[in-house]
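Have the structure open, and let us walk through it topic by topic.

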Amino acid sequence: MNLFWHELKGELLLYLRSRELAFFTFLLPMILFVLLGSAYGSDTIDGYDGATFLEAGMIGYGAISVAFAGLAIVLVIRREAGVLKRLRATPLPAPAYVTALLTSYLVAFALEVVALVVLGKVLFGVEIPDEIPSLVLALLLGVVSFCALGIAIAALIRSAEGASAAVNAIYLPMAFISGSFFSAHSFPGVLRGMADVLPLTYFIRLVRAIMLDGEAIWTQGTNVAVLAAWGLVGVIIAVRAFRWEPHEG
Amino acid sequence: MNAIEVRGLRKSYGALEAVRGLDFEVRSGEVFGLLGPNGAGKTTTVEILEGYRKRDGGEVQVLGTDPAIAGGAWRERIGVVLQSSAMYETLTAAEMLRLFAGYYREPRPVDEVVELVGLREKRDERVRRLSGGQRRRLDLGLALIGDPELIFLDEPTTGFDPRARRQAWETIRGLRGLGKTILLTTHYLDEAEQLADRVAVIAHGQIVASGKPSELTGTAPATEIRYRENGREVVLQTDEPTRVLNDLTGEALAQRREVEGLVVRRPSLEDVYLSLTEESPE
């Protein structure tokens, strides 16, 4: 347990020191929220207040930015630089390392959600959500699933140079298609078909159901099940394909 | 007491037999050099001893434990410097050491390690601003922070300039003075000659010679005597250097002339090494 806290402190320091991570995974969702919110936050989207609708979408975007994209890129870089291999020679147990790493991303995401909610309240008058326990559970499920998928994609990427490109090529279109930035209702059929497969779609639906309709999480069986299934796929790939050593060139 | 015992070690990658039946032992408190050209099987061997790779055959004991099944308690007792220095670029040298110190039950104090590897002026510098040699020293510091009994150094000075190399050698000698056992791999002969108590020369996955550096050179080709005569270089190889020299210089003295450009050279480890590693054992 002491090792876990020690490593968590180290990971949080590393997170703060990385400007790229801080910007792309942390600040960018907030900047987009401010920009999009200013553009059509006062419109009505799918029958809801635009800013509130957007805030839920931005929480989804934040989740994949931090837990999926940020984690995957960091893991590939550490693996290819040989840092993970180095850690294997120390007495730090792998489970302590992995849980501390994931917890640091969980903390980053929690701060991100708080920042988005505060921004929404201050700039656009979005109400603080009522169903806090359901929302927290939904966010936890989402962040754990996307972390699993992030580790899985890191296991499939072979070089540090390709990491950012590959991760961006997946998560940016996914954010768009799953309706982080707009309502997916106006999308053509092909995109809506794709959206029906993507995990982010179900996470955003889940968050919107809780934040916009005041639903509790246990009424959202389909959304929870699909999201958890994706998380499970991530765990399976991660366990099978993840390696600690660099792919020697 | 042996820190490391290796018997009949084998490892293949597909059809390639990287290690083909190695036997050697490293005694506690000694610096043991595994010397050989690139691709000889040095790193494969060391990575099996460090617990990174599984062997295909043979017996291996490192600090009395099979590294393939060793756990955290065993890792408390070893220190590893890999071929490349892998670090968190955004941390300072001292932060990096402090982070790693936390992984061990009884680490050495960070400032003591900073001194030991000669990074006092750079202790609060970010890793990404350190020079290649400074990174390598920090790397060594990370291997020492847990106060291990046994240290693996895989080509610790590759890419160093001569001055940085000398400094690294001094540091490694210092570790020996602390009673640490060191397994060093290198393809630099002078490094093995300077640092190692005993050396095993490895080529094509097999040990082709082993012993003290002085013993190895003792089995070497003859002593070489060179001089110039009438502007031409004369090279003599002899097993009786005393007699040959006496004849040569006696004759010159009698004729009251100087032997020009006289050089007497004992075979170096390099000659032994080249003669041992150049031919394939097939």
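In this predicted model, the centres of domain 1 and domain 2 of chain B, taken over C-alpha atoms, are separated by 44 Å. The domain assignment places domain 1 of chain B at residues 2-212 and domain 2 of chain B at residues 223-266.

- Three strands of chain B make an open sheet in the order E2-E1-E4, and the pairing is antiparallel.
- Strand E2 (16-27) and strand E4 (57-62) of chain B are the edge strands, each pairing on one side only.
- From one strand to the next, the twist averages 15°.
- Strand E1 (residues 2-13) of chain B pairs with E4(B) in the antiparallel sense over five bridges, and in this pairing B:Ile4 is found opposite B:Val62 of E4(B).
- E1(B) also pairs with E2(B), again in the antiparallel sense, over nine bridges; here B:Glu5 stands opposite B:Glu25 in E2(B).
- Helix H1 (residues 42-49) of chain B lies across E1, E2 and E4 of chain B, and its direction is at about 120° to E1(B).

**The sheet E11-E10-E12 of chain B**

- Another open sheet of chain B has three strands in the order E11-E10-E12, with antiparallel pairing.
- Strand E11 (232-238) and strand E12 (260-265) of chain B are at the edges with a single partner strand each, so one side of each is left without a neighbour in the sheet.
- On average, and with direction ignored, neighbouring strands of this sheet are turned by 15° against each other.
- Strand E10 (residues 223-229) of chain B and E12(B) run antiparallel and are joined by four bridges.
- Helix H9 (residues 241-254) of chain B lies across E10, E11 and E12 of chain B, running at about 15° to E10(B).

**Helix packing in chain B**

- Helix H3 (residues 93-101) and helix H5 (residues 132-144) of chain B have axes that come within 9 Å and cross at roughly 25°.
- That angle makes H3(B) roughly parallel to H5(B).
- H3(B) and H5(B) cross in the right-handed sense.
- On the H3(B) side, B:Ala93, B:Met96, B:Leu97 and B:Phe100 meet B:Leu138, B:Gly141 and B:Leu142 of H5(B).
- By class, the residues of this contact of H3(B) with H5(B) are six nonpolar, one polar and no charged.

**Helix packing in chain A**

- Helix H9 (residues 199-212) and helix H10 (residues 221-241) of chain A pack at an angle of about 145°, and their axes are 9 Å apart.
- The crossing of H9(A) with H10(A) is left-handed.
- Residues of H9(A) that meet H10(A) include A:Tyr202, A:Phe203 and A:Leu206, and among their counterparts in H10(A) are A:Val224, A:Leu227 and A:Trp230.
- The contact of H9(A) with H10(A) has nine nonpolar residues, one polar and one charged.
- H9(A) also packs with helix H3 (residues 50-81) of chain A: their axes come within 9 Å and cross at roughly 140°.
- H3(A) and H9(A) are therefore oblique to each other, and their crossing is right-handed.
- Among the residues making this contact are A:Phe53, A:Ala56 and A:Gly60 of H3(A), along with A:Phe203, A:Val207 and A:Met211 of H9(A).
- The residues of the contact of H3(A) with H9(A) divide into 11 nonpolar, three polar and one charged.

**Where the chains touch**

- How many residues does each chain give to the contact? Chain B gives 17 residues and chain A gives 16 residues.
- On the side of chain B that touches chain A, helix H2 (72-75) and H3 of chain B are the elements that give two or more residues.
- This side of chain B has 10 nonpolar, four polar and three charged residues.

Note on methods. Residues are numbered from 1 along each chain as its sequence is written. Chains are lettered from A and ligands numbered from 1 in the order in which they are written. This is a predicted model: local features need pLDDT of at least 70, side-chain atom pairs count only at pLDDT 80 or more; totals for chains, interfaces and linings use all residues. Two strands pair if DSSP finds at least two bridges between them. Axes are lines fitted to C-alpha atoms, for helices over the stretch in contact, and angles run from 0 to 180 degrees between N-to-C directions. Two residues are in contact if their C-beta atoms, placed from the backbone, lie within 7 Å. Angles under 35 degrees count as roughly parallel, over 145 as roughly antiparallel, 65 to 115 as roughly perpendicular and the rest as oblique. A crossing is left-handed if the near helix is turned anticlockwise from the far one by less than a right angle, and right-handed if clockwise. Ala, Val, Leu, Ile, Met, Phe, Trp, Tyr, Cys and Pro count as nonpolar, Asp, Glu, Lys and Arg as charged, and the others, Gly among them, as polar. Domain bounds come from an automatic or database domain assignment.
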